[in-house]
Amino acid sequence: MKRIEFEKDSELKVILKAAFESYGLQQISIPDKVTRIENRTFFECAHMKCIEFTEKSELKSIGKYAFVHNAFGGIVLPSKLQFIEKFAFMRCQQLQILEIPEKNEVKYIHEDAFHCSNAMIVFGPPGLESVY
């Protein structure tokens, strides 16, 4: 399966732990109502080149190891995102730019969220309270 598409009016709130672990996914659009991507959700999706969020995304948190060893080169995270947990984007070696909108709700980014990744993080964090 290369691409997963959800209905535009999907009521999905949480993408569960390891839901797509080691899938051969290349692309996914996250439904607007998803508030949490749990631990290991897209772990070792080594061919994942594109993950999309809309401007209406309600995503609040990305769990531990959620995107380990994915192949996207850039990602724009939603403005309502508040928490990025430990090793969330570990070993995403092709990740060049991770963009967080200037108007955002980011409060916490674990210091190892991007361990062994090459990402340049671009954002203006008016509410950032801690990087641990």
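**Rings and salt bridges in a predicted model**

Q: What is the relative accessible area of F89 in this predicted model?
A: A residue counts as buried when its relative accessible area is under 20%. F89 is classed as buried by that cut-off, because its relative accessible area is 0%.

Q: Which residues have the most contacts inside the largest nonpolar core?
A: In soluble globular proteins, nonpolar side chains tend to be buried together. Here the largest nonpolar core has 32 residues. F89 touches, among residues beyond four places away in sequence, I62, I75, I84, L95 and L98. The residues with the most contacts inside this core are F42, L77 and F89.

Q: Is F67 buried or exposed?
A: F67 is the stacked partner of F42. F42 is buried, and F67 is likewise buried.

Q: Which parts of the chain does the pair of F89 and F114 tie together?
A: The rings of F89 and F114 are stacked, 5.3 Å from centre to centre and with 15 degrees between their planes. These two residues are 25 residues apart in sequence, and the pair therefore ties together the loop between β8 and β9, where F89 lies, and, on the side of F114, the loop between β10 and β11.

Q: What is the relative accessibility of F114?
A: F114 belongs to a cluster linked by ring pairs, whose members include F20, Y23 and F72. F114 counts as buried, because its relative accessibility is 13%.

Q: Which residue forms a salt bridge with E21?
A: The whole structure contains 4 salt bridges, and in one of them the closest N and O atoms are 2.7 Å apart, between E21 and R40. E21 lies in the loop between β2 and β3 and its partner in the loop between β4 and β5, so the pair ties together parts 19 residues apart in sequence.

Q: How many residues apart in sequence are the parts tied together by E44 and R91?
A: E44 and R91 form a salt bridge, with their closest N and O atoms 3.0 Å apart. E44 lies in the loop between β4 and β5 and R91 in the loop between β8 and β9, so the parts that this pair ties together are separated in sequence by 47 residues.

Terms used:
Residues numbered from 1 in each chain as written. Predicted model: local features only at pLDDT ≥ 70, side-chain atom pairs only at ≥ 80, totals over all residues. Heavy atoms only, no water. Phe/Tyr/Trp six-rings, centres within 6.5 Å; stacked < 30°, edge-to-face > 60°. Buried < 20%, exposed > 50% of the residue type's maximum accessible area, 1.4 Å probe, protein only. Helix = DSSP H or I, 4+ residues; strand = E, 2+ residues; numbered from the N terminus. Core = buried A, V, L, I, M, F, W, Y, C linked by side-chain atoms within 4.5 Å. Contact = heavy atoms within 4.5 Å. Salt bridge = Lys/Arg side-chain N within 4 Å of Asp/Glu carboxyl O.
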